[in-house]
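Me: Could you take me through this one and tell me what the terms rest on?

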Amino acid sequence: MNLYQRINNLTGWIVFLIAAVVYTLTLEPTTSFWDCGEFISACYKMQIMHPPGAPFFMLTGRMFTLLASDPMQVAWMVNFFSGLASAFTILFLFWTITAFGRKIIEKAGEEVAGGRLFALMGAGMVGALAYTFTDSFWFSAVEGEVYAYSSFFTAIVFWAILKWETVADEADSNRWLLLIAYLMGLSIGVHLLNLLAIPAICFVYYFKKHEVNRTGIIYTVLASLGILVFVQYGIIPGVPTLASKFDLLFVNSLGLPFGSGNAFFLTLLVAGVVYGIWYTHKHGKVLLNTALLATTFILIGYSSYTMIVIRSHANPSINMNNPSNIFSLVSYINREQYGDRPLLKGPYFTAEVIDQEQGAMKYRKGTDKYEEIGRDIVPIYDPAHSTIFPRAYRRAGTQQRHIDFYKRWLNLRDGQKPTFGQNLDFLFSYQLGHMYYRYFMWNFAGRQNDVQGQGMDYERGNWVSGIAALDEGRVGLQKNYPVTKSSNKGHNKYYGLPLLLGLIGLIYHYRKDQKDFWVVTFLFILTGIAINVYLNPEPLQPRERDYAYVGSFYAFAIWIGLGVMGLWDLLRKKAPETVAAAAVTAVCLVAVPGILAAENWDDHDRSGKYTARDFAINYLESCAPNAIIFTMGDNDTYPLWYVQEVEGFRTDVRVVNLSLLGTDWYINQLRRQINNSPAIKLSIAPEKIVMGVRDYVPFYDRKIQGAVDLRQVLQFATSDDNSAKLPTQGGEMVNYYPTKRFLIPVDKAAVLAQGAVTAADTANLLPAVEWEYPRNAILKNDLIVLDILANNGWERPIYWTVSMGAEQYLGLDDFFQLEGLAYRFVPLYNPSNGGQTSRVADDIMYENMVKKFKWGGMNTGIYIDPETNRMTINLRSNATRLAESLLAKGDKQRAVEVLDVVMKEMPHSHVPLMIFNYRMVELYHMAGASEKANGVAKDLFDMFEDEAKYFRTLRGKYATFYERDMQNAMAIMQEMVRMANQYGQTDLAKDFQARFDAIGRAG
């Protein structure tokens, strides 16, 4: 091993160690929001996560969970797995940068030694450490998700092809190609983003093996895309799809057992591959032999998906889509539940459905054969409103809010069809501009804040640099920026230095080695712009999607490293090479990785952050024993799964996700016990709600007088008797429901046994809950909710989370009772009052909020991410409601205690108050705690005064944009003046009034 190799290896491992320490120090100690709770639970118990699954991630994560000393450490170990994978990504990035840099030096006929070696190591360190601290990559490195592991696979295969390039012996070099193929096969069981490295890898192969010419480049482009398509469509869905056709033939036509066709197909596949490898080896067809071997290794890696079927057969608690047979596995891998997006041809968002056609037949596993369950209905859109390459498009999942967004973005009237130019404008301005370029600039120029933006305002999630001349023309005046905005930990200013160094490296790379430049460029484009074009993202995404483009940012980090060499190459003309290398490395380390680390640390340090887990605990603690709680989104479901499945907390509560409740596999899971939660009583038989059956039950008014028992309505709506159906225009007989007035009889003894109502409320218990269903159709998920309500018999408490939209309450909110972070369904009529849903169960909610709730460490200065921030709104709002209810009953002591708890656990200094928190000031006054009221009033007045002063400095479009915010700020300050006067705080009122008047005069 020569000097270069020793120093290169040693420096690489030093960089790895720095990254590993950073990620370990900033790991989240427990589950995070979004998919992490599901993934950690799946790793711990080998369960089935949502489509298309990540079996190899699950297997690797399971090994890390075995190192946990107790279940409370499981999440940390899975997060550590992500951190370690990320540190290895940094290691391979370092070696990739030095490999490219070494080629540049040797191409110039120079030896890699002395100052040149110093500069090369400096380039690797700066580029790798810069990527270590980038916003998007660091985010994924400290949580239990697939993106860190996926980045590792991208890094190692890209490094491996550079190692292949250096091997002279063809037989030895082919081993590197087979390693790459195997790693890509394994990566399919993590995430498909790694496949986007294939074109770059193909160009490395082409540049080494062939003379470069235009024809060769075209053929290489076509070949690389062909390989990508072959793996993406031929192997991943193609192999299981072919297996399903064989199994259908063997089982349904030949009467053989389930799986016999799969076994036959697998035998054919193995035999064919083995023969092909033998034949090509015997006849000296090296290229074809290598291709067959590579395909074999991809298939071996891809075989991790067999674990999905094996574990699904075990019926784990989390068994998403139940892919226990070949047909459900195909649906699972194809992500069929998420629908398709048009790519090359499709309708504009203005297109209406004019017809429909039937898609492919669907099958499910029956008793002794596969049963047909119907065909997909494929809508046919008006061709006059269709186009090639649709960007502002319509599909089955398009909602009115998407259509409204398209119209606002493109400035179109109702019904106005966009032109093809406007369609492309949406591609460049929104999809590439807002959904890629903005993320790119976040990582290399700076970020305004962590508030999700939709590209239509000046204050949410834009990129900023910290340079006024670059920022003020896009986001408004930066001078006198209010503390509420500048103190957001996601407000990070890099002054464009990482971007500048990367551009220098890009130019330097192009000038010194165009072949390698185009290799990196392919990686940059395919993992950034190209994946965005392919995904064709809709607007109004539920979260920021920057994590999907980290491969592109990885490629740019290579140029950041090479930018050091570019600067060194200039400086060494004026100074000795070693001095120049030391100076450039030192300056660039401070100016790029240094500033990235300093700016990003506070919003990426998740140590001490327990909010996702603790909020999940609070949801469950809001429920009485043996309860059923309906949830809706990822963040009020997956963390709950985590605390139940991993930490074993409140496993008596059955979490029912309404988004999944429209699927037959999930409904059937409700029929069995999960952990300590008994099976849920359902009256609708499984065969009546299989996929495609009763997905939609329309309303047809039969003019029935009075309310009808909900059990009778459901029995009628799910009857197979044609007398309970209506004919459609096509002649098909469909179920319907004949009235919207439903009735649920009340078992008062069962209600009282739950402890849901106080003795004083006993006389107010209703003999039956009667209400009007608010919709003109019952979707399958609502059908099952109604079935649960009808057959529960008041045995189990039933709750809805407070975080879901009111439309999910099915019109029952007049019978809700607030007990924490959940509404309980009770047979008491509590009409909504002033927009407030439900009554408050004072004693129960006080016990929950004050004595049981956990607060995630929010009073310790942890990073309050957007999801945590949204939950603080619910916590403060519900605490305010509880305090109001206690004060209405004269319980001032407990009202103050409730307000004190939220102010202690979510202090303004760490979790800034919001506009609607002004009510807390009055409640403190009403409870006789005026000193505490004054403290909150001062915080609110100071905050909105600071904002108002900033708004007064704005002019033109910025002043117009913030006009309502200015009005709100003035209104809150005026309200603080009024309260201070009303409750005898004369000196404070005078101070507030004078400051209020000063702002008014400034206007």
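This is a predicted model: local features need pLDDT of at least 70, side-chain atom pairs count only at pLDDT 80 or more; totals for chains, interfaces and linings use all residues.

Me: What makes up the secondary structure of the protein chain?

Reply: The protein chain has 37 helices and 19 strands, where helices (H or I, at least four residues) and strands (E, at least two) are DSSP runs numbered from the N terminus.

Me: Why is the protein chain called as compact as a globular protein of that length?

Reply: Because its radius of gyration, 31 Å, is close to the 30 Å that the globule rule gives for 1003 residues. The radius is taken over C-alpha atoms, and the rule is 2.2 Å times the number of residues to the power 0.38.

Me: How many of the residues are buried, in percent?

Reply: Buried residues are 56% of the 1003; the term means under 20% relative accessible area (1.4 Å probe, protein chains only).

Me: What makes E8 and E19 edge strands?

Reply: Six strands form an open, mixed sheet in the order E8-E7-E16-E18-E17-E19. Two strands pair if DSSP finds at least two bridges between them, and strands E8 (654-657) and E19 (839-840) each pair on one side only.

Me: How do you know that E7 and E16 pair?

Reply: Three bridges link strand E7 (residues 628-631) to strand E16 (residues 798-801), in the parallel sense. Isoleucine 629 stands opposite tyrosine 799 in E16.

Conventions:
Residues are numbered from 1 along each chain as its sequence is written. Side-chain values use heavy atoms; hydrogens and water are left out. Buried means under 20% relative accessible area, exposed over 50%, partly exposed in between (1.4 Å probe, protein chains only).
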